[in-house]
Amino acid sequence: KQTLLPLLKEETPSFIFPCKPAVQRPERQHMVMELLRCIPLLLFLLFVCGLDHFIFSILSIIQHHSFIEYSYQTSHHLSVNVMGASLMAQLLRGTIGALNTSYDTEVETSNLACLPQPTGMTRQQYLHTCLPLALLALLCLAQVYPFRLRRVIAAFYFPKREKARVLFLYNKLLRQRKNFLHLQRGRVARQARQPPELGTVLLRWCRRRWPWLRRCLRQRCTLCGTPETPQHQPCPNPDCFALYCESCW
């Protein structure tokens, strides 16, 4: 709770506040990992759609440029004429005359039945194919909000466990804060022992020379780097030019 242990600015990004609608840093890391897992599916889907379009293009080229049409025409005429008026001539005329034939043949054919008949996918079909992956990515973005209910559900069914978790978190924050102050003191001490840069010296001289420039040439907090406000506290040492915000001070 806020009244038990107010969080510092450096501690706030490591926690998840359920009432904030924005996606916070711990949730953002998990969300990015889930989105990265969708990349192989996206690449596979793009490969399948590209392969489908490539095969359709090849079959369409074969269909349009491999069409062959055949036209076959023949004529057959057979006529046997037997001259004479004898009995043998009449007999031959009656027998061999039956062989007289006459016909014309015209055949037209093509290889249309052997050619492929490809059918390309429409935009709507491509959209329906990509829609499940889009829904999966949307679920990766929206899953952070249902995940916030896990602690509430666990606290409802296991109140003693929730109390132990709160105490553990409280003691952990106290240890981290103690170590944080120790590290920051060492960092500020090392920074103070270093000679100031030329730009820093010029900035300090301008602030002393023209006090009205302090609104434009604002300093920053030595620890967290927040811009200067009226609530910032300067170091009481006159030889130190460090400035601290209210929480860091």
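**Exercise 1. Which residues does the UniProt annotation "transmembrane region" cover?**

Solution. The annotation, from an unreviewed entry, covers residues 38-62 and 126-145; UniProt positions follow the numbering used here, and annotations may be inferred rather than shown by experiment. The structure is a predicted model, in which local features need pLDDT of at least 70, side-chain atom pairs count only at pLDDT 80 or more, and totals for chains, interfaces and linings use all residues. Residues are numbered from 1 along each chain as its sequence is written, and side-chain values use heavy atoms, with hydrogens and water left out.

Next, consider the secondary structure, where helices (H or I, at least four residues) and strands (E, at least two) are DSSP runs numbered from the N terminus. Residues 38-62 are 100% helix and 0% strand, with end C-alpha atoms 36 Å apart. Residues 126-145 are 95% helix and 0% strand, and their end C-alpha atoms lie 30 Å apart.

**Exercise 2. Describe how α5 and α6 pack.**

Solution. First, the geometry: axes are lines fitted to C-alpha atoms, for helices over the stretch in contact, and angles run from 0 to 180 degrees between N-to-C directions. The axes are 5 Å apart, at an angle of about 120 degrees. α5 is therefore oblique to α6, since angles under 35 degrees count as roughly parallel, over 145 as roughly antiparallel, 65 to 115 as roughly perpendicular and the rest as oblique.

Second, the contacts (heavy atoms within 4.5 Å): Arg-151, Ala-155, Phe-156 and Tyr-157 in α5 meet Pro-159, Glu-162 and Arg-165 in α6.

Third, the buried residues (under 20% relative accessible area; exposed is over 50%, partly exposed in between; 1.4 Å probe, protein chains only). In α6 these are Glu-162, Leu-173, Arg-177, Gln-184 and Val-188. They pack against α5 (149-157) and β4 (243-244).

**Exercise 3. Is Asn-111 buried or exposed?**

Solution. Asn-111 lies in the loop between β2 (101-110) and α3 (123-142). Its relative accessible area is 18%, so Asn-111 is buried. Leaving aside neighbours within four places in sequence, Asn-111 is in contact with Ser-66, Phe-67 and Ile-68.
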